[in-house]
Amino acid sequence: MAEGYFPKWQPQDTASGRVIAPDERLPWPQTIAMGVQHVVAMFGSTVLAPLLMGFDPNLAIFMSGIGTLLFFVLVGGRVPSYLGSSFAFIGLVISVTGYAGSGPNLNIPVALGGIIACGVLYAIIGLIVMVVGTRWIEALMPPVVTGAVVAVIGLNLAPVAVKGVSATSFDTWMALATVLCVGLVAVFARGMVQRLLILVGLLLAYVLYAVLTNGMGMGKPIDFAVVANAAWFGLPHFAAPVFKPEAMVLLAPIAIILVAENLGHIKAVSAMTGQNLDRYMGRAFLGDGLATIVSGSVGGTGVTTYAENIGVMAVTKIYSTLVFAVAAVLALVLGFSPKFGAVIQTIPGPVLGGVSIVVFGLITVAGARIWVQNKVDFSDNRNLIVAAVTLVLGAGDFTLKFGSFSLGGIGCATFGAIILYALLRGRGASRPAAM
C-alpha cells in the first residue's frame, strides 16, 4: 500500500507512558495542551532574539507560526520541529545595521535583504540534498560534529538564562525555585501532568512568584495592568526588505550554521524515536529556508528549527507532529493579539529564566545523546579534539572579527567543527590523548 504524503496519525493514549511517535497523535485536549507547552518553550528565545536585534517581537512570534506550518507541509507532517527566531543572525544583523542595542532598529530593511539571501542559499542546499541525498552533508557533519553543534547551542545560550536571573538575590532564588518546580513535576508527577512538566512547572513557579511579590512584597510584583490595557486584536509591524550586496554577502553564509543545527536536530529526534528521518532531510532544509525567506520578506527574523522544543520532546517522549501544527496556530493567535502576548509577557523574568535553564540544559544533553546513540568513538583523537574544541568555542562565545564582520560563538563553533573534522580526517582511529 502506497504511503500517503501526510501520515494517518494513529490515536494513542498516554497512560502507558510509551513514546508517542511522529505519525501518532494524542487525544485533542492533550494535543492542545502539549501545543501550549511548546509555545511556552519557544517563547523566551523567539522573543529575546528579535529584541536583541531591534525587531518586532510580536511579528517574530507570528512568523514563527507561519514558518512552522510551512515546514510542516513541506515535510509532509513527518518531522516534529518548531521554527523560531535564530540566534545565529544576531551578531551579523547588529553589524550590518549598526544597531545601538535598544528600541526599534531603523535599518531593519538592510538586514532583511541579507536574511532572504541566507534563506535562498539554505533552500538551494535543501534542493541539492533532495536530488543527491544526504551523504555529502553527513561526510561534512558526522555525528561527532552535529552532536557538538547541538550541545553548543544550549551551552552558548546558558549565560543568557543565567544573566537574566542575576539582577537581585530574590531573582536568583526564584529561578532556582522554578527549576525545582519543573524537576518535581518531571520526577514525581504521573501521566499527562508529567508530560506537561515545562508548562505545569512554569505555572507553579508563576503562582509562587505572585504570592511572594504581589502578596508579600518580597520582589518586583507582576504588572497585570499591561494585560488590561492591551488590545485584543492588532496587526504586527511589517517591513519591506532592501537588498544591499554587502549585507547579503555577510548574512548568506549563516545558512551553513542553520544546516548544521537542522541536521543535528533531525538526528537527535531520529535517535530518540528510533525512526530514520534522513529521507526527509532535504525537505526539512527546504522548508526552513523558505520559512526564512518568507519571514525576511515581511520584516521578521531568520528562523531555525528549535532545540528548545526538542528538549521538551526528549523529556515528554511525545513526538507527534500534530502537536507542532497546534503550537503554530497558537503562535499565529499570539502574533495577532497584543492581549495574549501581554499575558505571556507577564511571566516574570526569574521564572522564564529558570525554565530556560532547564530547557537549555536539555538542549545540551540532546547533543550528547547524538554521540551516545551513534556510538561516537572518543578513543579516536580526532573525535575527541573536535568535540572538545567545539564545546569550548561555543560555550565561551569565542568571536572572530574580520574588519566590520564578526562571527560569534555558535558560528565559530559550527564552522570550526566542520573544518577541524575535515583537517584531522585520517585513515583510522588514534590513541586517546593523555589526561
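Figure 1. Thr414 is buried, with a relative accessible area of 1%. This residue belongs to helix H19, which covers residues 409-423. The model shown here and in the other views is a predicted one. When neighbours within four places in sequence are left aside, Thr414 is in contact with Val149, Ile256, Ile257 and Ala260.

**Figure 2. The largest nonpolar core.** The largest nonpolar core of the model comprises 101 residues. Within this core, the residues with the most contacts are Phe55, Phe89, Val145, Ile198, Ile254 and Phe285. Helix H12, formed by residues 254-273, gives the most to this core, contributing 11 residues. Apart from this core lies another one of 5 residues, including Ile20, Leu26, Met34 and Ile318. In soluble globular proteins, nonpolar side chains tend to be buried together.

**Figure 3. Val145 and the residues that it touches.** Val145 is among the residues with the most contacts inside the largest nonpolar core. Residues up to four places away in sequence are not counted in this view; beyond them, Val145 touches Leu140, Val386, Ala417, Ile418 and Tyr421.

**Figure 4. Helix H4 and the residue that follows it.** Helix H4 consists of 25 residues, numbered 108-132. How far apart are the end C-alpha atoms of helix H4? They are 36 Å apart, and this agrees with the span of 36 Å that should result from 1.5 Å a residue. Just after H4, Gly133 takes a positive phi of about 95 degrees.

Figure 5. Val120, Ile124, Leu127, Ile128, Met130, Val131, Val132, Trp136 and Leu140 make a nonpolar surface patch of about 790 Å². H4 and helix H5 (135-140) each supply at least two residues of this patch. The largest share, 7 residues, comes from H4. One of the patch residues is Leu127, which lies in helix H4. Leu127 has a relative accessible area of 44% and is therefore partly exposed, since that category lies between the limits of 20% and 50%. An α-helix has 3.6 residues a turn, so residues three or four places apart point the same way.

Figure 6. Most residues other than glycine have a negative phi. Trp9, a residue other than glycine, has a positive phi near 50 degrees. Trp9 is found in the segment before strand E1 (10-11). Is Trp9 buried or exposed? With a relative accessibility of 14%, Trp9 counts as buried. For Lys375, phi is likewise positive and near 50 degrees. Lys375 is located in the loop between helix H17 (349-373) and helix H18 (381-395). Its relative accessible area of 72% makes Lys375 exposed.

Figure 7. Val36 is placed in helix H1, which is made of residues 28-53. At 31% relative accessibility, Val36 counts as partly exposed. Val36 and Ala327 are 291 residues apart in sequence, while their C-alpha atoms are 6.2 Å apart in space. When residues up to four places away in sequence are not counted, Val36 touches Leu199 and Leu330.

**Figure 8. The salt bridge between Asp278 and Lys267.** A search of the whole structure finds 2 salt bridges. In one of them, the side chains of Asp278 and Lys267 meet at 3.1 Å, N to O. Asp278 lies in the loop between H12 and helix H13 (281-298), whereas Lys267 lies in helix H12, so the pair ties together parts that are 11 residues apart in sequence. Both Asp278 and Lys267 are buried. Side chains of opposite charge can pair when their charged atoms come close.

**Figure 9. The salt bridge between Asp380 and Arg382.** The side chains of Asp380 and Arg382 form a salt bridge with an N to O distance of 3.7 Å. Asp380 is buried, and Arg382 is buried as well.

**Figure 10. Ser270 in helix H12.** Ser270 has its place in helix H12. With a relative accessible area of 13%, Ser270 is buried. Which residues does Ser270 contact, leaving aside its neighbours within four places in sequence? They are Gln275, Asn276 and Leu277.

Technical notes
Residues are numbered from 1 along each chain as its sequence is written. This is a predicted model: local features need pLDDT of at least 70, side-chain atom pairs count only at pLDDT 80 or more; totals for chains, interfaces and linings use all residues. Side-chain values use heavy atoms; hydrogens and water are left out. Helices (H or I, at least four residues) and strands (E, at least two) are DSSP runs, numbered from the N terminus. The expected span of a helix is 1.5 Å times one less than its number of residues. A nonpolar core is a set of buried Ala, Val, Leu, Ile, Met, Phe, Trp, Tyr and Cys residues joined through side-chain atoms within 4.5 Å. Buried means under 20% relative accessible area, exposed over 50%, partly exposed in between (1.4 Å probe, protein chains only). Contact means heavy atoms within 4.5 Å. Patches are made of residues with over 30% relative accessible area and no salt bridge: like charges are joined within 9 Å, nonpolar side chains (Val, Leu, Ile, Met, Phe, Trp, Tyr) within 5 Å. Accessible areas come from the Shrake-Rupley method with a 1.4 Å probe; for residues, only the protein chains shown count as cover. A salt bridge is a side-chain nitrogen of Lys or Arg within 4 Å of a carboxyl oxygen of Asp or Glu.
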